[in-house]
Amino acid sequence: MIELHERDWSVFEEGLSRRSFRDLSHFLYHLKGLLQAQVPLAEMYLGRALSPAFRERIMLVTAYANRCGW
C-alpha cells in the first residue's frame, strides 16, 4: 500500500505545490512504495482492468487536483 511519509505533510504546510524529498530516507520510502505497486499497476494497464478512457479521466482529475500545469 502506498502511504504518505510523515515528512510529506510539511510540504503542504509550507504551501509548496510540488513534491520534494527532504532526505534520502524520504526518497527511499516512496521508491519502495512505487516498487511494491508495480504488479497492481501493470495489471491495470496491461490487463485492461480499467478502460483507457476512464484511466485518462482519472489522470486529468488528479492533475487538476494537484494543480499540475495550471
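**Chat about a helical chain and its nonpolar patch**

Author: Helix H2 (24–36) and helix H3 (38–46) each supply at least two residues of the nonpolar patch. Helices here are DSSP runs of H or I with at least four residues, and strands are runs of E with at least two, numbered from the N terminus. This is a predicted model, where local features need pLDDT of at least 70, side-chain atom pairs count only at pLDDT 80 or more, and totals for chains, interfaces and linings use all residues. Residues are numbered from 1 along each chain as its sequence is written, and side-chain values use heavy atoms, with hydrogens and water left out.

Reader: Which helix gives the largest share of the patch?

Author: H2, with six residues.

Reader: And what accessible area does the patch have together?

Author: About 1100 Å², from residues including Phe-21, Leu-24, Leu-41 and Met-59. Areas come from the Shrake-Rupley method with a 1.4 Å probe, and for residues only the protein chains shown count as cover.

Reader: OK, Leu-35 and His-26: where are they?

Author: Leu-35 lies in helix H2, and His-26 is found in helix H2 too.

Reader: Is His-26 buried or exposed?

Author: His-26 counts as buried because its relative accessibility is 0%. Leu-35 counts as partly exposed, because its value is 48%. Buried means under 20% relative accessible area, exposed over 50%, and partly exposed in between (1.4 Å probe, protein chains only).

Reader: What lies 3.0 Å from a polar atom of the His-26 side chain?

Author: The backbone nitrogen of Arg-22.

Reader: What share of the chain is buried?

Author: Buried residues make up 11% of the 70 residues.

Reader: Which element has the lowest mean pLDDT?

Author: Helix H1 (residues 8–13), at 56, while H2 has the highest, at 88. The chain averages 76, and 69% of the residues score at least 70. pLDDT is the predictor's confidence in each residue, from 0 to 100. Where pLDDT is low, the predicted coordinates should not be read in detail.

Technical notes
Patch = residues over 30% accessible without salt bridge, like charges linked within 9 Å, V, L, I, M, F, W, Y side chains within 5 Å. Salt bridge = Lys/Arg side-chain N within 4 Å of Asp/Glu carboxyl O. Polar contact = N/O pair within 3.5 Å; in protein donor to acceptor, adjacent residues only side chain to side chain.
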